[in-house]
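Morning, everyone. I'll take you through one model, starting with confidence and ending with salt bridges.

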Amino acid sequence: MGRDPSDTPKLAEPLRYHDAPEHPRVAELVAYWNAKRGTRPMPDRSDIVPGEIPRLLPNIVICEVLRGGEDFRMRIFGTKLVELTGEERTGRSLSDFGARAIVPTRPEIVQDRWLEVIRRSYQQARPVFVSGAMTSSDRPYIAWHAVSCPLTAGGTAVSQLMGGLFVVDKR
């Protein structure tokens with residue numbers, strides 16, 4: 001993913017970052033993450049039991065950090081997200097996103113957007129709240145809110161991330 005910044009495509013609509021959740025399901029996912037972390041900076045992946053949040057599970061992503069945050073591999077990619085993106089991404093690296101989508105997609109924008117959000121959460125070791133529209137697939141009428149939350153894996157460093165993406169307007 002060592003793309004030259006001058007090659008980064010210009011997005012039709014920039015991502016909007018928020019200080020707190022602005023969608024009820026994002027707030028619900030963050031409440032779960034907070035309950036699991038307790039007094040620690042972040043929970044361990046072993047603390048996360050997807051079956052405990054069945055209502056959120058179709059919109060959940062859990063990914064692992066590759067090469068110090070250069071890329072990320074999806075371990076869980078919810079069924080609602082598969083429908084939305086037109087692509088099953090479980091087991092795939094973020095650097096492959098959009099390549100096999102059944103909806104018209106600009107993979108370079110898809111990858112850059114996901115990387116920006118997940119990498120920010122990874123680097124800051126805290127939840128990142130964001131909203132935007134599906135401009136990467138020429139469907140700007142689909143708006144969404146999302147969160148990316150860091151997880152450890154038996155230590156103190158961020159090694160995985162859990163996120164959720166929820167559509168708020170679909171005409």
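First, a term: pLDDT is the predictor's confidence in each residue, on a scale from 0 to 100. This is a predicted model, where local features need pLDDT of at least 70, side-chain atom pairs count only at pLDDT 80 or more, and totals for chains, interfaces and linings use all residues. Residues are numbered from 1 along each chain as its sequence is written, and side-chain values use heavy atoms, leaving out hydrogens and water.

The protein chain averages a pLDDT of 86. At least 70 is reached by 81% of the residues. Over residues 1-11, pLDDT stays under 50. Where pLDDT is low, the predicted coordinates should not be read in detail.

Next, the strands. They are DSSP runs (E, at least two residues), numbered from the N terminus. Buried means under 20% relative accessible area, exposed means over 50%, and partly exposed is in between (1.4 Å probe, protein chains only). In strand β4, residues 128-134, seven of seven residues are buried.

Now salt bridges: a side-chain nitrogen of Lys or Arg within 4 Å of a carboxyl oxygen of Asp or Glu. The whole structure has nine. In one of them, E64 meets R75, with the closest N and O atoms 2.3 Å apart. E64 lies in strand β2 and R75 in strand β3, so the pair ties together parts eleven residues apart in sequence. E64 is buried, at 18%. R75 is partly exposed, at 43%.

Another joins R89 and E87, at 2.7 Å between the closest N and O atoms. R89 is buried at 2% relative accessibility. E87 is buried too, at 2%. Finally, salt bridges with shared partners link E64, R73 and R75 into one network.

Methods. Contact means heavy atoms within 4.5 Å. Helices (H or I, at least four residues) and strands (E, at least two) are DSSP runs, numbered from the N terminus.
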